[in-house]
Amino acid sequence: MKFKLKILIFIITFTLVSSALIPDSSVSLDEFKKIVILEDGRKKPIDTFAQNILKQLSGRGKLEKAPAVIWLARLLFTPDKSYDDMVFLVNNPEVLSSIGSDEVQGRGRYSYRQLSHNISKLRELAISASRIENSKRSIVESEIIVLYNKIYVYHKLAGSFQFCFPSPDFENNSFLSYLSKIKDIKDIKAKEIESLSEAERKILHISHKMDQWSGFYQDQKLDILPNLSSGEEKWESPWDSVNRSFKFDEPPADFVLLINKMVSSFRNNDQAGFDVNVKEFNDFVMNESKNIADPGRIKMEIMYNRIDPFYKSEFFYGFSLLFLLFSYIKFKKLFYYSSYFLLILGLLPHTYGLIARMIIRNRPPVTNLFETFVFAAWITAVLGLALELFKKKNIGILTGSLSGLVLLIISGRYALEGDTMGMLVAVLDSNFWLATHVITITIGYGGVVISGVLGHLYILQAMFKKGKKKDTLKDTYQSVYATQAFGLIFTFVGTVLGGIWADQSWGRFWGWDPKENGALLIILWSAIMFHGKLGKMIKELGFSLGSILGIITVVLAWFGVNLLGVGLHNYGFSSNVASALIIYILLELLFMGGSYIYLKQKKL
Amino acid sequence: MLNDLKKQNIIKFSYSLKLTVACLILLAILTTWGTIYQADNGLYAAKAKFFTSWFFLAGGFIPLPGAGLVLSVLFINLISVMIFRIGLRLKNIGNILTHLGILILLIGGFFTFFFSEESVLMLKEGEKSSWSNSYHAWELSVWKDTQGVRHFSSISLSDLEKGEKINFPDFPITIIVKKDFHNSSAFRNGERSSNTDILNASGIVSIDEKKTEPEPEANIPGLVLFSEDLKKDILLYGGENISTSAEIKGDIYNFSLRKLRKKLPIELGLLDFRIKKYPGSEIVKSYESTVDIRHDDIQREVIISMNKPLRYKDYTFFQSSYQITPAGVEYSVFAVVKNSGRLLPYISSIVVFIGMLIHFIIMLFRRKKENSSAQKGN
């Protein structure tokens, strides 16, 4: 019986692991994914672009569990077939009723077809809402603007290859087919209108339609064509090229003809032809752009997208934690080792993800709020693992997987702003300082957080542990102390390095900026704890309670200053965060107060 | 003798850990409070009230120590601790270094607070200057040209007082300060009725006092001077672009209110300003200036860019921002900082880091020893 159960648990672990590792199949856009696109100043595979756009529209990086690029290909090549995709996230049902839609079902995702009848009303409302000052807008008004922008982006993308599609405006031919005959059109235009034949009049009419189209499809979003003719690196959308040809009465560029081939093979469901055509296009781009987009990095990024490493780590840390909790109940050893194994397993994609991002961007791992959480999660998981290696009392696994999981979940909330691997503004454009200051301080924050998690553990053990209580408590306290010391050293050095960076780039070492004050607060609090302990003002319990307050100082330094909305470092703000923050702090204070009173009554 | 001293109560207090903890707690409170205060009142006001002050009044009547005082007490506490508490023994080396480093950091802070000077230099492409401007201090500047040579005289606005008679050592004129506004608004002819006994080149006829803004850069001063010689008022407003001239005793004198100027040890000329953006976006990748500097008959070209300042003696020139006019004229803005204690934080950080590292490693080993001996005892 027991043996069977063990096997069962192994099977569960194995399936968990393997299900997380098997990548999504059913994709036949492998070549298409590699198309290079310039978005927000960075060259990336269209695979990433698709994810970013889909996240922007629907809040998720996938559509019905299928990779975003499948949806994007559908939208670009066959827009009419994507009208039923549920991609528009509407957070507030009032938005739908205010634009006169009868689809009032609360927060959810809607398709283009569902919203299409109300777009003119939406536009009207969005324009009037945009006249209101940002801070004075109601939630519904802001949401209306957001939804309108989503529709706008969607329209732009749907129009990207319109010049290849047959249209009644061109007698069921495409814009492009007439652009190829632009010389003839030019000749006709030069003639006297009275002398034109019937057929020529028709073409003149079509040229007017072309004028209209050319004016309409401006400022498209899909920058996939490199243009180095001016000596400067520029990327443009297919329409930019088409419009230029039309304006100067030139036949379409080779790029555009290649796109046309790509479009027609896709629309004819010709998979083999499509792959060949896309490859031809990609080779042409690489050749034209003289490899300014590094093909190795593009491939790496596609791989990174496919693996989705942080999601996998989250998954492993979660089960590591779960199994550890199981191990307290039954099958101690087995669950313990599975949990140990899962923590290490979680670190693999986590480490891979950090390294891949570094290579893709050619940057140190931390450049924005999203990445600080991902990196801090990694640090805490590593510290937890190290603790476990030294102490083998399973507190290392507990703190490592718990903080790794929680920090990764928090990072997910900031993924929309930070996961896109954006470019850095001038003042942050320094790999040296990013690598030293930001990393050290994040390591420091990680240390203080781990110490606080251990502090919780100390208090819980003091309250509920039976048996060899004294030894266990002493052991846990030593871990609280050591990790706090680790955190203090790195936070201090990180803060000073930040000061030096500030001195290097704008001439002041310290300016009482909120972010600086946040870091200072962590250092001061940590120093208070150590000196209080040294002067016997607090005991082990006091130190452990203090370490929990330490987490609060870290949380305040991380989010609090952003909530204040002032200062040079302010890079991420959300009002939902404010309430979550206050609730968290209140819960911690309640826990601290409650446990303290309980333990004092029991004379501990 | 050291041991005798050590027993005195005041000395005991000066190196007590309780004092350290009290100072640190106060500092933590001030930091938090000052940060929240910043959100509504701006950095400058928060700094003045909490971080650079000795005392401040909470709620208008409760006197509390400011960070200036707390840091000074902490400084004394630190020195005392180093003399009396931490013994000069090898096992304390980590501890000694850590506290020595903090001491250096505090000294650096005091140095910066008392002796550093910040100013700004804005140059148009092709322009040269060896003067930088204060960020928010103003001066009254008076000059006259005699045979092509310009004679200057300027007085800091903070030195002027209402009703004061200004004597210019080189100029035989008498000027009385009638009104002196820290922040003001000016009115032109038409907005207010004009008075013939007023001199102003920009057509300003009246200046009113305005409430002082918490951010000092937002204040634009106004000055009403009375010329005894002409029996006329001279109106000067900080927002004017041109100076007001007056003929007194046969000479033409020019008056203007401008940002306080500071002489630099070198002359800077802006040769070229460049800005780079990431392709296809408005995100600025970098901006930099090629400048031509002259000092002691030496001339050289340097590039100043973000994160790569120019250093000359105690002075550092930073690429801080830029302006491009609609006509395409490029201006480069440099922050100029004079700080002789600049290197102290660098030294401090290294010392503290090494100190902390040694200290905690020693602690770790000692604890391990304790643990193993305790286990043996069992």
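Modeller: Let us begin with terms: helices (H or I, at least four residues) and strands (E, at least two) are DSSP runs, numbered from the N terminus, and two strands pair if DSSP finds at least two bridges between them. This is a predicted model, in which local features need pLDDT of at least 70 and side-chain atom pairs count only at pLDDT 80 or more, while totals for chains, interfaces and linings use all residues. Residues are numbered from 1 along each chain as its sequence is written, and chains are lettered from A and ligands numbered from 1 in the order in which they are written.

Colleague: Which residue takes a positive phi in the hairpin of strand 3 and strand 4 of chain B?

Modeller: In that hairpin, which has 3 residues between the strands, G126(B) has a positive phi near 95 degrees. Strand 3 (residues 117-124) and strand 4 (residues 128-146) of chain B are antiparallel, with 2 bridges, and V120(B) stands opposite N133(B).

Colleague: How many bridges join strand 4 of chain B to strand 14 of chain B?

Modeller: In a regular strand the side chains alternate between the two faces of the sheet. Here, 11 bridges join strand 4 of chain B to strand 14 (residues 251-277) of chain B, in the antiparallel sense, and S141(B) has S256(B) as its bridge partner.

Colleague: Where is the kink in helix 3 of chain B centred?

Modeller: The bend at a residue is the angle between axes fitted to the seven residues ending there and the seven starting there. In helix 3 of chain B, a kink of about 130 degrees is centred on N41(B).
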